[in-house]
Amino acid sequence: MDDPSGTDDQPGEDDPRAIRSIALSPEDAVDAYVYGRENPGDAVLRVTPPFHGRMRARIHVYRRDDTELTGAVHLPPADVIADDVVADYPDLESALADADPDSDEAERIRKRHADSVETWRDRAREAIVETVALETDEGPQQVEVKTLG
């Protein structure tokens, strides 16, 4: 049995260094990323203790980071979606910059943006990375990403 304190050179159940792989839903990753771009607050993929080799990350929306209290690991959704896809996220604010917010043109821009986001979502669900770095007290640790669904 592992020492829960982690003193036998094996990470304890509250130490994220025990994690070797994280399973996640591509839909959760995409929803978390879009939420963070379109709403106040933050959305992450959250892994909660006790930690072991294979863990499941789920979408978590918050206004105040509770990782110090819970010991959870918060994984930014942009970290699990390929960089080039993240960079291609449609920017509504730039498109609306010169439009009257109450005009028909602004409404058309919003509609095109919504369509563009749906297209982006399809692409992003297929662009989940194979590994990701988790931040630990000992520094970053690479773990495998396994997609569900």
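Start with R121 and D31, which form a salt bridge with the closest N and O atoms 2.6 Å apart. By salt bridge I mean a side-chain nitrogen of Lys or Arg within 4 Å of a carboxyl oxygen of Asp or Glu. R121 lies in helix α5 and D31 in helix α1, so this pair ties together parts that are 90 residues apart in sequence. Helices here are DSSP runs of H or I with at least four residues, strands are runs of E with at least two, and both are numbered from the N terminus.

This is a predicted model, where local features need pLDDT of at least 70, side-chain atom pairs count only at pLDDT 80 or more, and totals for chains, interfaces and linings use all residues. Residues are numbered from 1 along each chain as its sequence is written, and side-chain values use heavy atoms, without hydrogens and water.

R121 is buried at 14% relative accessibility, while D31 is partly exposed at 27%. Buried means under 20% relative accessible area, exposed over 50%, and partly exposed in between, with a 1.4 Å probe and protein chains only.

Next, E27 and R125 meet in a salt bridge at 3.3 Å, N to O. E27 is in helix α1 and R125 in helix α5, 98 residues apart. E27 is partly exposed at 33%, and R125 is partly exposed at 23%.

How many salt bridges does the structure hold? There are 12 salt bridges.

Last, D88 pairs with R123 in a salt bridge, 2.7 Å between the closest N and O atoms. D88 sits in the loop between α3 and α4, and R123 in helix α5.
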